[in-house]
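Subject: Structure handover

Hello,

Here is the structure I said I would pass on. Please look through it first; my notes follow below.

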Protein chains: 2
Amino acid sequence: MKKKITIAIDAMGGENAPKKNIEGLNIFLNKNKLNKDFIIHLHGNKKILDKELSKLNISNDLVKVIHSESVVSDEETPLTAIKNSKNTSMWNSIKAQIDGEADISLSAGNTGVLFVISKMILKMMNQVSKPALAGLWPSKKGMSVVLDLGANIECDEKNLVDFSEMGTALFKSIFPNQTPCVSLLNIGSEEIKGTEVLKKTYSKLKSLSNEKNFLFNGYIEGNKLMDGETNVIVTDGFTGNIALKTAEGTAKFVVDSLKQSLTENIFSKLSIIFSYFSLKKFKSKLDPRKYNGAIFLGLNGPVVKSHGSTDSVGFYYSIDLCYRIIKGNLMDQIKNNLDHLDVRD
Amino acid sequence: MKKKITIAIDAMGGENAPKKNIEGLNIFLNKNKLNKDFIIHLHGNKKILDKELSKLNISNDLVKVIHSESVVSDEETPLTAIKNSKNTSMWNSIKAQIDGEADISLSAGNTGVLFVISKMILKMMNQVSKPALAGLWPSKKGMSVVLDLGANIECDEKNLVDFSEMGTALFKSIFPNQTPCVSLLNIGSEEIKGTEVLKKTYSKLKSLSNEKNFLFNGYIEGNKLMDGETNVIVTDGFTGNIALKTAEGTAKFVVDSLKQSLTENIFSKLSIIFSYFSLKKFKSKLDPRKYNGAIFLGLNGPVVKSHGSTDSVGFYYSIDLCYRIIKGNLMDQIKNNLDHLDVRD
């Protein structure tokens, strides 16, 4: 029998925890009624969690509660976290990977603390120069992976090549039937454009590009990010974070303007009745909860960070992401890709 | 009598030139029938321009055609431009400023060439460390100025402080009744976030902030760019260009998704009838032509670059921008602001 996928969830992290975490889990269980290839480990206060589980009538042999004494507080900083966060639900959900009890960890708690203790407990993979934060990005053709979204402010060509290999592995684990195409985010598409680091990365990726691992598509500009011509977009953490948040802000601005226009008079309000289902589909396509879950890559085990403020639906999507990543053998894919790098060095 | 505002237009630059340039001018003339405080100098082939002008019955003593023998070709690169672009319509429209014949120059031609010859002819202002490309950005409260949008890939704190002073001057010249508030684009809003250059710029701007010139609002993240809480957003040219293009791409993606949803079935199509005027207003608010025109700041004279592919309406907005900038005394404002820098050094 194949080993079950074990997802260790910090059930106490994020706004409205553990309510939204358990409700998100409930959605996941309902959508996966026919799958028996996973186990969920909920880390947190057993008494509170048992109560939440019974509220939703979750008594499932696929869910196991593992008691933790404490919780990482919102006031904790990365500097104080190492001292204060031992044996919290977040700590234990990550440590479970080292103890061989889980394949992946998920938390909606304090981001800075999660990164610091993940690095401390799981440690960086041998061949990786820097870990990176990757996310899913909507495109005309589906979804792309973008990294780094903020783990490293400054990056050199070695880091960016590592990110390409790790991002490709992530993409392949989530979308096994698609060929990963890597592009470097830049301010022009010509080979001579950009910083020295980008130019060096460009020539390195060009030489690494092959059918087996990934195809290199050259540079990509911000306005083409969502075209879907490329599906793994690589950049440093500063630029990636600016691009991500600018896209979020712009989408919100456009949708808010639309809402304002469609509710300004009786005719436009009436029109909503006729376009109700179409607008609902439009809204669903752009729903940020579908993209909830940033993946911390480059450690000896994957850690997924859910938005702290997401709701149960958003949390469900991040559980589902964990499930798909492990089902797609992320860690083996990363190791293979990095070996491929070594061969070419 | 006050001296008239003279705008030197490269009438031959951009797609569909000179047709769209002259049509854009016609819109400008129609909207400014009551104003007599400007003169437009059209640089280009006199025969062709006279023909286009007569097509639209423009025979106006506020418009003067100045003959140029040649045009900058699309194939020209910044490297070959200096040799080949002398006496082109673009060259002459910029040189007019040095000869005291114009206050500002406008072109929709080859961007790289425009920057190179602008720098060569107009030269950098004494106190400025690097010139910058500034643009208008829509916000909930109106419009903001963002710079640098791509002139300088790497910037130090001196450059970013200069950009703040120049961006503030630009904002004040266009919106004389509003107080400029400067923010630095960063990946977090806490003072300790970001690169060393950003931290140094932060403390410098904090000490320069005052009611007379500008208020410093600290760091801003990409998702707050359009909130309008701040109206002069400063960043290096790499980050600014990524943010600008990501915002453009995202807005297009959202609007395209909406269009697709609203035309997918008979009910949604029907709804468009009821929401026609509201959707038109929504579209108009986001119309990129309204923001057409990037301003090249830091030279001994302002140069405005219109999108090459814009139409007559977009070109009209860039003529209008030139008019407002000079009416608002941009160059004096920049000089004042930079003097204020010197005092505080």
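A definition to begin with: angles under 35 degrees count as roughly parallel, over 145 as roughly antiparallel, 65 to 115 as roughly perpendicular and the rest as oblique. This is a predicted model, in which local features need pLDDT of at least 70, side-chain atom pairs count only at pLDDT 80 or more, and totals for chains, interfaces and linings use all residues. Residues are numbered from 1 along each chain as its sequence is written, while chains are lettered from A and ligands numbered from 1 in the order in which they are written.

Two helices of chain A

In chain A, the axes of helix H6 (residues 157–174) and helix H7 (residues 196–208) come within 9 Å and cross at roughly 45 degrees. Here helices (H or I, at least four residues) and strands (E, at least two) are DSSP runs, numbered from the N terminus. Axes are lines fitted to C-alpha atoms, for helices over the stretch in contact, and angles run from 0 to 180 degrees between N-to-C directions. H6(A) and H7(A) are therefore oblique to each other.

The crossing of H6(A) past H7(A) is right-handed; a crossing is right-handed if the near helix is turned clockwise from the far one by less than a right angle, and left-handed if anticlockwise. H6(A) brings Glu157(A), Leu160(A), Val161(A) and Ser164(A) to the contact, and H7(A) brings Val197(A), Lys200(A), Thr201(A), Lys204(A) and Leu205(A). Two residues are in contact if their C-beta atoms, placed from the backbone, lie within 7 Å. By class, the residues of this contact of H6(A) with H7(A) are four nonpolar, two polar and three charged. Ala, Val, Leu, Ile, Met, Phe, Trp, Tyr, Cys and Pro count as nonpolar, Asp, Glu, Lys and Arg as charged, and the others, Gly among them, as polar.

The pair in chain B

In chain B, the axes of H6 (residues 157–174) and H7 (residues 196–208) come within 9 Å and cross at roughly 45 degrees. That makes H6(B) oblique to H7(B). H6(B) passes H7(B) in a right-handed crossing.

Domains of chain A

Chain A is divided into domain 1 (1–128 + 298–328) and domain 2 (129–293); the bounds come from an automatic or database domain assignment. Their C-alpha centres lie 25 Å apart. In the contact between them, 18 residues of domain 1 of chain A meet 15 residues of domain 2 of chain A. On the domain 1 side, helix H5 (111–122) and helix H10 (312–327) of chain A are the elements that give two or more residues. H10(A) has the largest share of that side, with seven residues. The domain 1 side has nine nonpolar, seven polar and two charged residues.

The two chains

The same surface serves both copies, as 100% of the contact residues of chain B recur in chain A.

Between the chains, 45 residues of chain B are in contact with 46 residues of chain A. Helix H8 (237–262) and helix H9 (266–286) of chain B each supply at least two residues of the chain B side. The largest share of that side, 19 residues, comes from H8(B).

Regards
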